[in-house]
Amino acid sequence: MSENEHEAKMAHPRMAAGALFFDDADRVLLVEPSYKDYRDIPGGYVEHGESPRQACVREVHEELGIKPHIGRLLVVDWAPNPGEGDKVLYLFDGGRLSADQRQQIALQADELRSYDFHHAEQLPELSIPRLVRRITAGIQARAHGITAYLEHGSAPETAQ
């Protein structure tokens with residue numbers, strides 16, 4: 001196989017990174033994007049030359065107007081999309097936002113309508129199944145001190 005043939009077979013996935021943030025009641029922060037019909041986590045696509053963690057820090061600052069510490073990696077999810085091709089999604093631990101940090105949130109008005117904190121049990125009513133599975137895996141990974149690997153939002157041994 002020539003080098004060009006080998007390179008043509010290589011994946012060139014889009015990457016995105018987001019963070020899970022919690023309040024004092026262990027509820028998770030979800031944003032309401034103006035361009036989606038479901039709630040999402042703060043985050044976005046990784047730009048050229050940027051690490052997933054750097055993208056997460058940048059996107060959180062752009063979307064929420066705050067610069068909290070972004071902690072360890074909780075989830076990696078291989079989540080290809082028919083319209084966008086291969087995607088790898090990274091979910092980081094944003095930790096517990098203090099009352100002061102919550103008061104400093106200033107939403108990116110052209111992209112986000114609102115934000116709020118929600119109990120994990122409410123997530124299926126608010127977002128798409130694959131994202132709910134990713135967030136749930138992130139909550140569990142955070143609680144158990146692990147990093148989860150997912151495919152389409154599910155652990156491979158349970159993926160369909």
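This is a predicted model: local features need pLDDT of at least 70, side-chain atom pairs count only at pLDDT 80 or more; totals for chains, interfaces and linings use all residues.
Residues are numbered from 1 along each chain as its sequence is written, and side-chain values use heavy atoms, with hydrogens and water left out.

So, where does R134 sit? In helix α5. Helices are DSSP runs of H or I with at least four residues, strands are runs of E with at least two, and both are numbered from the N terminus. Setting aside neighbours within four places in sequence, R134 is in contact with V75, D77, A79, L89, L91, L150 and G153, where contact means heavy atoms within 4.5 Å.

Now the helix itself. α5 covers residues 129-144, and its 16 residues reach 22 Å from first C-alpha to last, close to the 22 Å expected at 1.5 Å a residue; that expected span is 1.5 Å times one less than the number of residues. Besides R134, the buried residues of α5 include L131, V132, I135 and A141. Among the elements covering the buried residues of α5 are β1 (14-22), β4 (73-78) and β7 (148-151).

On to pockets. By definition, these are open sets of points on a 1 Å grid over the protein atoms alone, with protein on both sides within 12 Å along at least five of seven lines, and lining residues have an atom within 4 Å of a point. Volume is the space filled by probe spheres set on the points, joined across faces, edges and corners. The largest pocket holds about 550 Å³. Its lining has 25 residues, with K36, Y38, D40, K87 and L89 nearest the centre. α5 is one of the elements that each supply at least two residues of that lining.

What volume does the second largest pocket have? About 150 Å³. Its lining includes F22, D26, H118, H119, I139 and R142, and α5 gives the most to that lining, with 3 residues.

Note on methods:
Buried means under 20% relative accessible area, exposed over 50%, partly exposed in between (1.4 Å probe, protein chains only). On a 1 Å grid over the protein atoms alone, a cavity is a set of points where a 1.4 Å probe fits but cannot get out, and a pocket is an open set with protein on both sides within 12 Å along at least five of seven lines; lining residues have an atom within 4 Å of a point.
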